[in-house]
Amino acid sequence: MSSADSTARRAGSPRLALLVIAASALMAVLDGSIVTVAMPSIQSRLGFSPAGLSWVVNGYQLAFGGLLLLAGRLGDLLGRKRVFLAGTALFLAASAAAGAATSPAMLVAARVAQGVGGAASSAVSLGILVTLFTEPRERAKALGVFAFTGAAGASISQVLGGVLTDALSWHWIFLINIPIGLLTLAAAVRAVPADRGLGLRAGVDLIGALLVTGGLMLAIHTVIGTADHGWGSARTLGPAALSALLLAGFFVRQATAADPLMPLRILRSRAVAGANAVQMLMIAAMFAFQIIVALDMQKVLGYDATQTGLAMLPAAVAIGGVALGASARLIARFGARSVLITGLVMLTGALALLLRMPTHPNYVRDLLPTMLLIAGGGLAMPATAGLGMSGAREEDAGLVSGLYNTTAQVGAATGAAVLSTLAAGRTARLLHTGHSPAQALSGGYHVAFAIGVGLLAAALVIAVFVLRGAGTGGPDDSALGAGPGLESDSGLASDPGLEPSLDLAPTV
(Lines give C-alpha, C1' and ligand atoms only; values in the text may rest on other atoms or scores of the structure.)
Protein backbone atom coordinates (compact mmCIF):
# COMPACT_ATOMS: atom_id res chain seq x y z
CA MET A 1 0.00 0.00 0.00
CA SER A 2 1.48 3.39 -0.92
CA SER A 3 2.15 6.11 1.65
CA ALA A 4 -0.22 8.38 -0.27
CA ASP A 5 -3.03 5.86 0.08
CA SER A 6 -2.28 5.47 3.80
CA THR A 7 -2.36 9.23 4.32
CA ALA A 8 -5.63 9.52 2.41
CA ARG A 9 -7.13 6.76 4.46
CA ARG A 10 -6.24 8.50 7.72
CA ALA A 11 -7.81 11.70 6.38
CA GLY A 12 -11.16 10.01 6.03
CA SER A 13 -13.66 9.36 8.79
CA PRO A 14 -14.37 5.61 8.92
CA ARG A 15 -17.52 5.88 11.04
CA LEU A 16 -19.05 8.60 8.92
CA ALA A 17 -17.96 6.79 5.77
CA LEU A 18 -19.79 3.69 7.00
CA LEU A 19 -22.98 5.72 7.48
CA VAL A 20 -22.53 7.21 4.00
CA ILE A 21 -22.12 3.79 2.41
CA ALA A 22 -25.06 2.39 4.38
CA ALA A 23 -27.29 5.28 3.24
CA SER A 24 -26.23 4.76 -0.38
CA ALA A 25 -26.88 1.01 -0.13
CA LEU A 26 -30.29 1.68 1.43
CA MET A 27 -31.31 3.90 -1.47
CA ALA A 28 -30.18 1.32 -4.02
CA VAL A 29 -32.04 -1.52 -2.26
CA LEU A 30 -35.20 0.53 -1.78
CA ASP A 31 -35.34 1.60 -5.41
CA GLY A 32 -35.07 -1.98 -6.56
CA SER A 33 -38.44 -2.87 -5.03
CA ILE A 34 -40.23 0.19 -3.63
CA VAL A 35 -41.67 0.95 -7.06
CA THR A 36 -43.68 -2.28 -7.21
CA VAL A 37 -46.37 -0.96 -4.85
CA ALA A 38 -46.85 2.17 -6.95
CA MET A 39 -47.07 0.38 -10.32
CA PRO A 40 -50.88 0.65 -10.70
CA SER A 41 -50.78 4.39 -9.98
CA ILE A 42 -47.86 4.91 -12.37
CA GLN A 43 -49.64 3.00 -15.12
CA SER A 44 -52.86 4.97 -14.82
CA ARG A 45 -51.17 8.39 -14.57
CA LEU A 46 -48.58 8.00 -17.34
CA GLY A 47 -50.50 5.67 -19.67
CA PHE A 48 -48.10 2.73 -19.65
CA SER A 49 -49.00 -0.38 -21.60
CA PRO A 50 -48.83 -3.62 -19.57
CA ALA A 51 -45.64 -4.66 -21.38
CA GLY A 52 -44.08 -1.22 -21.06
CA LEU A 53 -44.84 -1.01 -17.35
CA SER A 54 -42.52 -3.91 -16.58
CA TRP A 55 -39.59 -1.80 -17.79
CA VAL A 56 -40.04 0.53 -14.84
CA VAL A 57 -38.65 -2.35 -12.77
CA ASN A 58 -36.64 -4.19 -15.41
CA GLY A 59 -34.77 -1.13 -16.67
CA TYR A 60 -33.34 -0.55 -13.21
CA GLN A 61 -32.51 -4.20 -12.61
CA LEU A 62 -30.78 -4.67 -15.97
CA ALA A 63 -28.55 -1.62 -15.64
CA PHE A 64 -27.81 -2.27 -11.98
CA GLY A 65 -27.02 -5.98 -12.26
CA GLY A 66 -25.26 -5.79 -15.60
CA LEU A 67 -22.81 -3.03 -14.70
CA LEU A 68 -21.71 -4.03 -11.19
CA LEU A 69 -18.62 -5.97 -12.25
CA LEU A 70 -17.46 -3.28 -14.68
CA ALA A 71 -18.14 -0.53 -12.15
CA GLY A 72 -16.13 -2.37 -9.51
CA ARG A 73 -13.13 -2.60 -11.83
CA LEU A 74 -13.44 1.06 -12.77
CA GLY A 75 -13.28 1.83 -9.07
CA ASP A 76 -9.90 0.14 -8.88
CA LEU A 77 -8.67 1.97 -11.97
CA LEU A 78 -10.09 5.46 -11.42
CA GLY A 79 -10.32 5.48 -7.63
CA ARG A 80 -13.14 4.03 -5.56
CA LYS A 81 -14.10 7.37 -4.02
CA ARG A 82 -14.36 8.98 -7.43
CA VAL A 83 -16.61 6.22 -8.76
CA PHE A 84 -18.72 6.24 -5.57
CA LEU A 85 -19.29 10.00 -5.79
CA ALA A 86 -20.06 9.87 -9.50
CA GLY A 87 -22.51 7.01 -9.02
CA THR A 88 -24.26 8.72 -6.11
CA ALA A 89 -24.55 11.99 -8.06
CA LEU A 90 -25.99 10.18 -11.09
CA PHE A 91 -28.43 8.26 -8.92
CA LEU A 92 -29.55 11.51 -7.30
CA ALA A 93 -30.07 13.29 -10.64
CA ALA A 94 -31.88 10.28 -12.08
CA SER A 95 -34.17 10.12 -9.03
CA ALA A 96 -35.13 13.75 -9.59
CA ALA A 97 -35.83 12.99 -13.25
CA ALA A 98 -37.92 9.94 -12.34
CA GLY A 99 -39.93 11.93 -9.83
CA ALA A 100 -40.60 14.60 -12.45
CA ALA A 101 -41.38 12.15 -15.27
CA THR A 102 -44.37 13.04 -17.45
CA SER A 103 -44.15 10.20 -19.97
CA PRO A 104 -43.35 6.48 -20.00
CA ALA A 105 -40.14 7.03 -21.98
CA MET A 106 -38.89 9.65 -19.53
CA LEU A 107 -39.54 7.42 -16.52
CA VAL A 108 -37.92 4.33 -18.05
CA ALA A 109 -34.85 6.34 -19.10
CA ALA A 110 -34.56 7.76 -15.58
CA ARG A 111 -34.87 4.27 -14.09
CA VAL A 112 -32.05 3.00 -16.31
CA ALA A 113 -29.91 5.95 -15.22
CA GLN A 114 -30.75 5.15 -11.59
CA GLY A 115 -29.52 1.61 -12.19
CA VAL A 116 -26.25 2.87 -13.68
CA GLY A 117 -25.67 5.21 -10.74
CA GLY A 118 -26.67 2.59 -8.21
CA ALA A 119 -24.30 0.07 -9.77
CA ALA A 120 -21.39 2.50 -9.62
CA SER A 121 -21.87 3.40 -5.95
CA SER A 122 -22.79 -0.11 -4.80
CA ALA A 123 -20.00 -1.89 -6.67
CA VAL A 124 -17.22 -0.16 -4.76
CA SER A 125 -18.91 0.02 -1.34
CA LEU A 126 -17.44 -3.16 0.14
CA GLY A 127 -14.07 -2.32 -1.36
CA ILE A 128 -14.11 0.99 0.50
CA LEU A 129 -15.17 -0.69 3.74
CA VAL A 130 -12.45 -3.33 3.80
CA THR A 131 -9.75 -0.73 3.19
CA LEU A 132 -11.17 1.56 5.89
CA PHE A 133 -11.67 -1.06 8.61
CA THR A 134 -8.56 -3.19 8.98
CA GLU A 135 -9.03 -4.39 12.58
CA PRO A 136 -10.99 -7.68 12.42
CA ARG A 137 -13.74 -6.91 14.93
CA GLU A 138 -14.28 -3.39 13.62
CA ARG A 139 -14.48 -4.70 10.07
CA ALA A 140 -16.96 -7.36 11.12
CA LYS A 141 -19.09 -4.67 12.79
CA ALA A 142 -18.98 -2.57 9.63
CA LEU A 143 -20.06 -5.53 7.51
CA GLY A 144 -22.85 -6.20 10.01
CA VAL A 145 -24.14 -2.66 9.48
CA PHE A 146 -23.86 -3.10 5.72
CA ALA A 147 -25.75 -6.41 5.82
CA PHE A 148 -28.46 -4.98 8.06
CA THR A 149 -28.95 -2.06 5.68
CA GLY A 150 -29.77 -4.43 2.84
CA ALA A 151 -32.16 -6.48 4.95
CA ALA A 152 -33.86 -3.39 6.37
CA GLY A 153 -34.27 -1.84 2.93
CA ALA A 154 -35.86 -4.98 1.57
CA SER A 155 -38.20 -5.19 4.57
CA ILE A 156 -39.48 -1.61 4.54
CA SER A 157 -39.59 -0.98 0.79
CA GLN A 158 -43.14 -2.16 0.18
CA VAL A 159 -44.55 -0.42 3.25
CA LEU A 160 -42.73 2.82 2.49
CA GLY A 161 -43.82 2.67 -1.14
CA GLY A 162 -47.43 2.21 -0.14
CA VAL A 163 -47.36 5.01 2.44
CA LEU A 164 -45.70 7.52 0.08
CA THR A 165 -48.00 6.63 -2.81
CA ASP A 166 -51.18 6.82 -0.73
CA ALA A 167 -50.28 9.87 1.36
CA LEU A 168 -48.57 11.94 -1.35
CA SER A 169 -48.19 10.48 -4.85
CA TRP A 170 -46.09 7.95 -6.75
CA HIS A 171 -43.60 10.72 -7.60
CA TRP A 172 -42.40 10.72 -3.99
CA ILE A 173 -41.05 7.18 -4.07
CA PHE A 174 -38.28 8.72 -6.21
CA LEU A 175 -38.18 12.26 -4.80
CA ILE A 176 -37.54 10.92 -1.29
CA ASN A 177 -34.04 10.04 -2.54
CA ILE A 178 -33.15 13.70 -3.11
CA PRO A 179 -32.66 14.87 0.52
CA ILE A 180 -31.05 11.53 1.45
CA GLY A 181 -28.81 11.65 -1.61
CA LEU A 182 -27.72 15.25 -1.05
CA LEU A 183 -26.73 14.52 2.54
CA THR A 184 -24.96 11.33 1.46
CA LEU A 185 -23.04 13.13 -1.28
CA ALA A 186 -21.97 16.00 0.98
CA ALA A 187 -20.83 13.64 3.74
CA ALA A 188 -19.04 11.34 1.29
CA VAL A 189 -16.83 14.15 0.02
CA ARG A 190 -15.48 14.58 3.55
CA ALA A 191 -15.70 11.08 4.99
CA VAL A 192 -14.65 8.69 2.23
CA PRO A 193 -10.84 8.71 1.87
CA ALA A 194 -9.39 9.47 -1.52
CA ASP A 195 -7.50 6.76 -3.37
CA ARG A 196 -5.49 7.15 -6.51
CA GLY A 197 -6.58 4.14 -8.47
CA LEU A 198 -4.28 2.23 -10.78
CA GLY A 199 -5.02 4.38 -13.81
CA LEU A 200 -6.77 3.38 -17.01
CA ARG A 201 -3.51 2.09 -18.47
CA ALA A 202 -3.51 -0.68 -15.86
CA GLY A 203 -6.39 -2.59 -17.38
CA VAL A 204 -8.99 -1.21 -19.75
CA ASP A 205 -10.22 -4.45 -21.29
CA LEU A 206 -12.97 -3.06 -23.51
CA ILE A 207 -13.74 -6.40 -25.15
CA GLY A 208 -14.06 -8.10 -21.77
CA ALA A 209 -16.24 -5.25 -20.50
CA LEU A 210 -18.60 -5.57 -23.47
CA LEU A 211 -18.77 -9.36 -23.12
CA VAL A 212 -19.53 -9.44 -19.39
CA THR A 213 -21.92 -6.48 -19.42
CA GLY A 214 -23.84 -7.82 -22.39
CA GLY A 215 -23.87 -11.35 -20.98
CA LEU A 216 -25.08 -10.30 -17.53
CA MET A 217 -27.75 -7.95 -18.86
CA LEU A 218 -29.03 -10.59 -21.26
CA ALA A 219 -29.01 -13.24 -18.53
CA ILE A 220 -30.99 -11.07 -16.12
CA HIS A 221 -33.41 -10.06 -18.87
CA THR A 222 -33.91 -13.70 -19.82
CA VAL A 223 -34.61 -14.76 -16.26
CA ILE A 224 -37.05 -11.88 -15.76
CA GLY A 225 -38.82 -12.81 -19.00
CA THR A 226 -39.56 -16.36 -17.89
CA ALA A 227 -42.59 -15.04 -16.01
CA ASP A 228 -44.17 -14.22 -19.38
CA HIS A 229 -42.65 -16.77 -21.74
CA GLY A 230 -41.90 -19.82 -19.57
CA TRP A 231 -38.62 -21.67 -19.20
CA GLY A 232 -38.89 -23.89 -22.26
CA SER A 233 -39.90 -21.32 -24.88
CA ALA A 234 -37.67 -20.19 -27.73
CA ARG A 235 -37.79 -16.64 -26.31
CA THR A 236 -36.10 -17.99 -23.18
CA LEU A 237 -33.76 -20.67 -24.54
CA GLY A 238 -32.34 -18.53 -27.36
CA PRO A 239 -31.28 -15.54 -25.22
CA ALA A 240 -30.11 -17.90 -22.48
CA ALA A 241 -27.78 -19.66 -24.94
CA LEU A 242 -26.48 -16.33 -26.23
CA SER A 243 -25.92 -15.10 -22.68
CA ALA A 244 -23.99 -18.27 -21.84
CA LEU A 245 -21.90 -17.81 -24.98
CA LEU A 246 -21.07 -14.19 -24.10
CA LEU A 247 -20.11 -15.07 -20.53
CA ALA A 248 -18.02 -18.03 -21.71
CA GLY A 249 -16.30 -15.67 -24.13
CA PHE A 250 -15.64 -13.30 -21.24
CA PHE A 251 -13.86 -15.98 -19.23
CA VAL A 252 -11.81 -17.03 -22.26
CA ARG A 253 -10.89 -13.40 -22.77
CA GLN A 254 -9.84 -13.00 -19.14
CA ALA A 255 -7.57 -16.02 -19.41
CA THR A 256 -5.76 -14.61 -22.45
CA ALA A 257 -5.89 -10.80 -22.16
CA ALA A 258 -2.75 -8.96 -21.15
CA ASP A 259 -4.74 -6.64 -18.86
CA PRO A 260 -7.94 -8.54 -18.01
CA LEU A 261 -10.97 -6.83 -16.57
CA MET A 262 -11.22 -9.59 -13.95
CA PRO A 263 -8.00 -11.51 -13.28
CA LEU A 264 -9.08 -15.14 -12.91
CA ARG A 265 -6.70 -15.60 -9.97
CA ILE A 266 -9.45 -13.97 -7.88
CA LEU A 267 -11.64 -17.03 -8.41
CA ARG A 268 -8.86 -19.38 -7.35
CA SER A 269 -9.56 -18.38 -3.76
CA ARG A 270 -11.89 -20.96 -2.25
CA ALA A 271 -13.14 -18.32 0.17
CA VAL A 272 -14.07 -15.88 -2.59
CA ALA A 273 -15.58 -18.44 -4.97
CA GLY A 274 -17.35 -20.35 -2.19
CA ALA A 275 -18.74 -17.24 -0.51
CA ASN A 276 -20.13 -15.91 -3.79
CA ALA A 277 -21.79 -19.26 -4.49
CA VAL A 278 -23.26 -19.35 -0.98
CA GLN A 279 -24.56 -15.83 -1.34
CA MET A 280 -26.21 -16.49 -4.69
CA LEU A 281 -28.04 -19.54 -3.29
CA MET A 282 -28.93 -17.78 -0.04
CA ILE A 283 -30.34 -14.68 -1.75
CA ALA A 284 -32.31 -16.83 -4.20
CA ALA A 285 -33.76 -18.85 -1.32
CA MET A 286 -34.67 -15.82 0.75
CA PHE A 287 -36.99 -14.65 -2.02
CA ALA A 288 -39.27 -17.36 -0.64
CA PHE A 289 -39.41 -15.44 2.62
CA GLN A 290 -39.21 -11.82 1.54
CA ILE A 291 -41.79 -11.95 -1.25
CA ILE A 292 -43.75 -15.18 -0.97
CA VAL A 293 -44.57 -14.72 2.71
CA ALA A 294 -45.66 -11.16 1.98
CA LEU A 295 -47.90 -12.41 -0.84
CA ASP A 296 -49.36 -15.05 1.47
CA MET A 297 -50.25 -12.39 4.02
CA GLN A 298 -51.89 -10.15 1.46
CA LYS A 299 -53.64 -12.66 -0.80
CA VAL A 300 -54.62 -15.31 1.75
CA LEU A 301 -54.79 -13.49 5.06
CA GLY A 302 -56.08 -10.23 3.56
CA TYR A 303 -53.40 -7.93 5.03
CA ASP A 304 -52.80 -4.58 3.35
CA ALA A 305 -49.27 -3.30 2.60
CA THR A 306 -48.89 -1.55 5.95
CA GLN A 307 -50.13 -4.55 7.94
CA THR A 308 -47.79 -6.82 5.98
CA GLY A 309 -44.84 -4.60 6.73
CA LEU A 310 -45.66 -4.51 10.42
CA ALA A 311 -46.10 -8.29 10.48
CA MET A 312 -42.64 -8.72 8.95
CA LEU A 313 -41.06 -6.13 11.23
CA PRO A 314 -39.91 -8.74 13.81
CA ALA A 315 -37.74 -10.31 11.12
CA ALA A 316 -36.02 -7.00 10.34
CA VAL A 317 -35.55 -6.32 14.06
CA ALA A 318 -34.14 -9.82 14.62
CA ILE A 319 -31.70 -9.50 11.72
CA GLY A 320 -30.66 -6.05 12.87
CA GLY A 321 -30.19 -7.09 16.48
CA VAL A 322 -27.96 -10.01 15.52
CA ALA A 323 -26.06 -8.25 12.71
CA LEU A 324 -25.34 -5.15 14.76
CA GLY A 325 -25.11 -6.62 18.24
CA ALA A 326 -23.62 -10.09 18.02
CA SER A 327 -22.17 -10.99 14.63
CA ALA A 328 -18.86 -9.16 15.04
CA ARG A 329 -18.10 -10.76 18.41
CA LEU A 330 -19.11 -14.21 17.20
CA ILE A 331 -17.05 -13.94 14.01
CA ALA A 332 -14.03 -12.76 15.97
CA ARG A 333 -14.35 -15.65 18.41
CA PHE A 334 -15.43 -18.56 16.21
CA GLY A 335 -14.47 -17.52 12.68
CA ALA A 336 -16.59 -16.45 9.74
CA ARG A 337 -17.19 -19.97 8.41
CA SER A 338 -18.61 -21.28 11.68
CA VAL A 339 -20.87 -18.25 12.04
CA LEU A 340 -21.99 -18.60 8.42
CA ILE A 341 -22.92 -22.27 8.95
CA THR A 342 -24.91 -21.38 12.09
CA GLY A 343 -26.75 -18.64 10.23
CA LEU A 344 -27.58 -20.94 7.31
CA VAL A 345 -28.91 -23.60 9.69
CA MET A 346 -31.21 -20.99 11.27
CA LEU A 347 -32.42 -19.77 7.88
CA THR A 348 -33.07 -23.33 6.71
CA GLY A 349 -35.09 -23.95 9.86
CA ALA A 350 -37.05 -20.75 9.31
CA LEU A 351 -38.17 -21.79 5.83
CA ALA A 352 -38.73 -25.40 6.92
CA LEU A 353 -41.25 -24.18 9.52
CA LEU A 354 -43.26 -22.57 6.72
CA LEU A 355 -43.76 -25.98 5.10
CA ARG A 356 -46.24 -26.89 7.84
CA MET A 357 -48.07 -23.56 7.70
CA PRO A 358 -51.85 -24.13 7.27
CA THR A 359 -53.99 -22.39 4.67
CA HIS A 360 -55.25 -19.90 7.25
CA PRO A 361 -52.33 -19.52 9.68
CA ASN A 362 -52.29 -17.95 13.08
CA TYR A 363 -49.62 -15.26 13.06
CA VAL A 364 -48.17 -15.88 16.52
CA ARG A 365 -48.19 -19.67 16.25
CA ASP A 366 -47.35 -20.21 12.57
CA LEU A 367 -45.43 -17.15 11.37
CA LEU A 368 -43.71 -15.48 14.31
CA PRO A 369 -41.24 -18.38 14.91
CA THR A 370 -40.06 -18.00 11.32
CA MET A 371 -39.71 -14.23 11.75
CA LEU A 372 -37.44 -14.81 14.74
CA LEU A 373 -35.33 -17.57 13.14
CA ILE A 374 -34.69 -15.27 10.18
CA ALA A 375 -32.22 -13.66 12.59
CA GLY A 376 -29.83 -16.20 11.08
CA GLY A 377 -29.49 -13.76 8.21
CA GLY A 378 -27.82 -11.36 10.63
CA LEU A 379 -25.11 -13.98 11.10
CA ALA A 380 -24.86 -15.33 7.57
CA MET A 381 -24.76 -12.08 5.62
CA PRO A 382 -21.83 -10.35 7.40
CA ALA A 383 -19.88 -13.63 7.47
CA THR A 384 -20.47 -14.21 3.77
CA ALA A 385 -19.49 -10.64 2.91
CA GLY A 386 -16.23 -10.99 4.84
CA LEU A 387 -15.38 -14.28 3.17
CA GLY A 388 -16.35 -12.88 -0.22
CA MET A 389 -13.90 -9.99 0.23
CA SER A 390 -11.12 -12.06 1.82
CA GLY A 391 -9.18 -12.56 -1.41
CA ALA A 392 -9.13 -8.88 -2.31
CA ARG A 393 -5.96 -6.90 -2.62
CA GLU A 394 -5.66 -3.14 -2.52
CA GLU A 395 -5.74 -2.98 -6.31
CA ASP A 396 -8.62 -5.47 -6.65
CA ALA A 397 -10.95 -4.46 -3.80
CA GLY A 398 -13.42 -2.68 -6.08
CA LEU A 399 -13.55 -5.57 -8.51
CA VAL A 400 -14.08 -8.19 -5.78
CA SER A 401 -16.78 -5.95 -4.28
CA GLY A 402 -18.44 -5.68 -7.69
CA LEU A 403 -18.29 -9.45 -8.12
CA TYR A 404 -19.92 -9.98 -4.73
CA ASN A 405 -22.73 -7.56 -5.54
CA THR A 406 -23.19 -9.16 -8.96
CA THR A 407 -23.78 -12.63 -7.54
CA ALA A 408 -26.36 -11.11 -5.19
CA GLN A 409 -28.25 -9.62 -8.12
CA VAL A 410 -28.09 -12.83 -10.13
CA GLY A 411 -29.35 -14.77 -7.10
CA ALA A 412 -32.21 -12.33 -6.54
CA ALA A 413 -33.32 -12.38 -10.17
CA THR A 414 -33.05 -16.16 -10.46
CA GLY A 415 -34.81 -16.80 -7.16
CA ALA A 416 -37.64 -14.46 -8.06
CA ALA A 417 -38.15 -16.06 -11.46
CA VAL A 418 -37.79 -19.72 -10.47
CA LEU A 419 -39.75 -19.66 -7.23
CA SER A 420 -42.58 -17.46 -8.48
CA THR A 421 -42.96 -19.47 -11.70
CA LEU A 422 -43.07 -22.84 -9.95
CA ALA A 423 -45.39 -21.52 -7.24
CA ALA A 424 -47.76 -20.12 -9.87
CA GLY A 425 -47.72 -23.43 -11.76
CA ARG A 426 -48.61 -25.37 -8.63
CA THR A 427 -51.41 -22.92 -7.82
CA ALA A 428 -52.85 -23.26 -11.32
CA ARG A 429 -52.87 -27.05 -11.08
CA LEU A 430 -54.62 -26.98 -7.69
CA LEU A 431 -57.25 -24.59 -8.98
CA HIS A 432 -57.82 -26.88 -11.95
CA THR A 433 -58.46 -29.82 -9.61
CA GLY A 434 -61.13 -27.98 -7.64
CA HIS A 435 -59.24 -26.52 -4.69
CA SER A 436 -60.33 -23.16 -3.31
CA PRO A 437 -58.28 -20.09 -4.28
CA ALA A 438 -56.83 -19.88 -0.77
CA GLN A 439 -55.84 -23.56 -0.78
CA ALA A 440 -54.36 -23.26 -4.27
CA LEU A 441 -52.32 -20.18 -3.37
CA SER A 442 -51.12 -21.79 -0.15
CA GLY A 443 -50.09 -24.93 -2.03
CA GLY A 444 -48.12 -22.89 -4.54
CA TYR A 445 -46.36 -20.99 -1.79
CA HIS A 446 -45.39 -24.25 -0.09
CA VAL A 447 -43.55 -25.25 -3.28
CA ALA A 448 -41.55 -22.02 -3.08
CA PHE A 449 -40.73 -22.66 0.58
CA ALA A 450 -39.57 -26.21 -0.20
CA ILE A 451 -37.30 -25.01 -3.00
CA GLY A 452 -35.92 -22.34 -0.67
CA VAL A 453 -35.05 -25.03 1.87
CA GLY A 454 -33.25 -26.97 -0.87
CA LEU A 455 -31.25 -23.93 -1.97
CA LEU A 456 -30.19 -23.21 1.59
CA ALA A 457 -29.20 -26.85 2.06
CA ALA A 458 -26.98 -26.54 -1.02
CA ALA A 459 -25.45 -23.38 0.44
CA LEU A 460 -24.75 -25.29 3.65
CA VAL A 461 -22.93 -28.02 1.74
CA ILE A 462 -20.70 -25.40 0.10
CA ALA A 463 -20.05 -23.69 3.42
CA VAL A 464 -19.09 -26.99 5.08
CA PHE A 465 -16.94 -28.50 2.34
CA VAL A 466 -15.77 -25.75 -0.06
CA LEU A 467 -15.06 -23.18 2.65
CA ARG A 468 -13.26 -25.70 4.86
CA GLY A 469 -10.16 -24.04 6.28
CA ALA A 470 -11.47 -20.52 5.66
CA GLY A 471 -12.67 -18.53 8.64
CA THR A 472 -12.40 -21.41 11.08
CA GLY A 473 -11.49 -19.24 14.03
CA GLY A 474 -8.53 -19.34 16.31
CA PRO A 475 -5.90 -16.85 17.33
CA ASP A 476 -4.32 -16.61 13.91
CA ASP A 477 -7.49 -16.61 11.91
CA SER A 478 -9.03 -13.59 10.25
CA ALA A 479 -12.37 -12.44 11.48
CA LEU A 480 -13.30 -12.27 7.85
CA GLY A 481 -12.49 -15.77 6.89
CA ALA A 482 -8.96 -15.57 5.55
CA GLY A 483 -7.91 -18.54 7.58
CA PRO A 484 -4.48 -20.09 7.78
CA GLY A 485 -3.27 -21.30 4.44
CA LEU A 486 -5.73 -19.26 2.41
CA GLU A 487 -3.09 -17.39 0.47
CA SER A 488 -1.43 -20.54 -0.77
CA ASP A 489 -4.79 -22.06 -1.58
CA SER A 490 -6.08 -19.04 -3.42
CA GLY A 491 -3.16 -18.55 -5.70
CA LEU A 492 -3.23 -14.85 -4.91
CA ALA A 493 0.28 -14.80 -3.51
CA SER A 494 1.86 -17.50 -5.61
CA ASP A 495 2.84 -15.34 -8.57
CA PRO A 496 6.23 -13.62 -8.33
CA GLY A 497 6.09 -9.87 -8.12
CA LEU A 498 2.53 -9.71 -6.87
CA GLU A 499 1.89 -7.62 -3.79
CA PRO A 500 0.41 -9.35 -0.75
CA SER A 501 -3.35 -9.34 -0.27
CA LEU A 502 -5.11 -6.86 1.96
CA ASP A 503 -4.42 -7.25 5.65
CA LEU A 504 -7.25 -9.70 6.19
CA ALA A 505 -5.55 -12.08 8.61
CA PRO A 506 -4.53 -10.10 11.65
CA THR A 507 -4.50 -11.60 15.10
CA VAL A 508 -7.87 -11.52 16.85
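Predicted model: local features only at pLDDT ≥ 70, side-chain atom pairs only at ≥ 80, totals over all residues.
Buried here means under 20% relative accessible area, with exposed over 50% and partly exposed in between (1.4 Å probe, protein chains only). Numbering runs from 1 along each chain as its sequence is written, and side-chain values use heavy atoms, with hydrogens and water left out.

**Overall build**
- The protein has 21 helices and zero strands; these are DSSP runs numbered from the N terminus, helices being H or I with at least four residues and strands E with at least two.
- Taking contact as heavy atoms within 4.5 Å, 84% of the contacts between residues at least 6 apart in sequence join residues at least 24 apart.

**Cores**
- A nonpolar core is a set of buried Ala, Val, Leu, Ile, Met, Phe, Trp, Tyr and Cys residues joined through side-chain atoms within 4.5 Å.
- The largest one holds 57 residues, and F289, L340 and L344 have the most contacts inside it.
- Elements giving it two or more residues are α13 (270-299), α14 (305-325), α16 (336-354), α17 (363-373), α18 (376-388), α19 (397-432) and α20 (437-466).
- The largest share, 14 residues, is down to α13.
- Leaving out residues up to four places away in sequence, L340 touches V278, A380, A383, T384, L387, A463 and L467.
- There's also a second, separate core of 50 residues, which includes Y60, L67, A209 and A397.

**Second largest pocket**
- A pocket is an open set of points on a 1 Å grid over the protein atoms alone, where a 1.4 Å probe fits, with protein on both sides within 12 Å along at least five of seven lines; lining residues have an atom within 4 Å of a point.
- Of its 29 lining residues, L216, L247, M280, T406 and V410 are the closest to the centre.
- α11 contributes the most to this lining, with eight residues.

- L77 is in helix α4 (residues 50-78), and it counts as buried because its relative accessibility is 3%.
- The C-alpha atoms of L77 and L399 are separated by 9.6 Å, though the two are 322 residues apart along the chain.
- In α5, buried residues include R80, K81, F84 and F91.
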